[in-house]
Amino acid sequence: MPDTATALKQALTTIAGATGAALVDYTSGMALGTMGDSASFDLNVAAAGNTDVVRAKMRTMELLGLKGEIEDILITLTDQYHLIRLLKGRGGNGLFLYLVLDSSRANLAMARHQLRRIEEELEV
């Protein structure tokens, strides 16, 4: 079972186009770990900002009475994909994996599949 640092490294090395990854606590907005070489943005700031996205979606689902669970949240930018995957099980409540992808090099379907596999193996 990989720990946080190993899981983030695995995301960056096995997912095509990945440029940054973080494990984030959405109850506090704090990144528990970050990894990547993006000079264009700060992963800690992105973690805090995306916490607001997760909370807003959860509130909206509650207001609508939706019973399903969030698997992924995808944000597409001109040149990047931002993928948020909420963790389930094994102490993952309140946490999400955040992945930044270069959209010109990424295969979004494969990235989602690989991130799900990393999430399943992650030991928090």
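Let me start with strands β4 and β5, residues 80–86 and 95–102, which in this predicted model pair in the antiparallel sense over seven bridges. Within that pairing, Q80 is found opposite D102 of β5.

On the packing of the helices, α3, which covers residues 108–121, lies against the sheet and touches β3, β4 and β5, its direction making about 30 degrees with that of β4.

Stepping back to the sheet as a whole, we have five strands in an open arrangement, with the order β2-β1-β5-β4-β3 and antiparallel pairing. At the edges are β2, residues 30–36, and β3, residues 72–76, each of which pairs on one side only. From one strand to the next, the twist averages 15 degrees. The other helix I want to discuss, α1, residues 4–14, also packs on the sheet, where it touches β1 (18–25), β2 and β5, and its direction makes about 150 degrees with that of β1.

Now, which residues of α1 are buried? They are T4, A7, L8, Q10 and A11, and, when one looks down the axis of α1, these buried residues fall within an arc of 155 degrees, so they line one face of the helix. On the other side of α1, by contrast, K9 and T13 are exposed.

And what do the buried residues of α1 pack against? Their partners are the strands β1, β2 and β5, together with helix α3, and α3 is itself packed on the sheet through β3, β4 and β5.

Methods
Residues are numbered from 1 along each chain as its sequence is written. This is a predicted model: local features need pLDDT of at least 70, side-chain atom pairs count only at pLDDT 80 or more; totals for chains, interfaces and linings use all residues. Side-chain values use heavy atoms; hydrogens and water are left out. Two strands pair if DSSP finds at least two bridges between them. Helices (H or I, at least four residues) and strands (E, at least two) are DSSP runs, numbered from the N terminus. Axes are lines fitted to C-alpha atoms, for helices over the stretch in contact, and angles run from 0 to 180 degrees between N-to-C directions. Contact means heavy atoms within 4.5 Å. Buried means under 20% relative accessible area, exposed over 50%, partly exposed in between (1.4 Å probe, protein chains only). The arc is that of the directions from the helix axis to the C-beta atoms.
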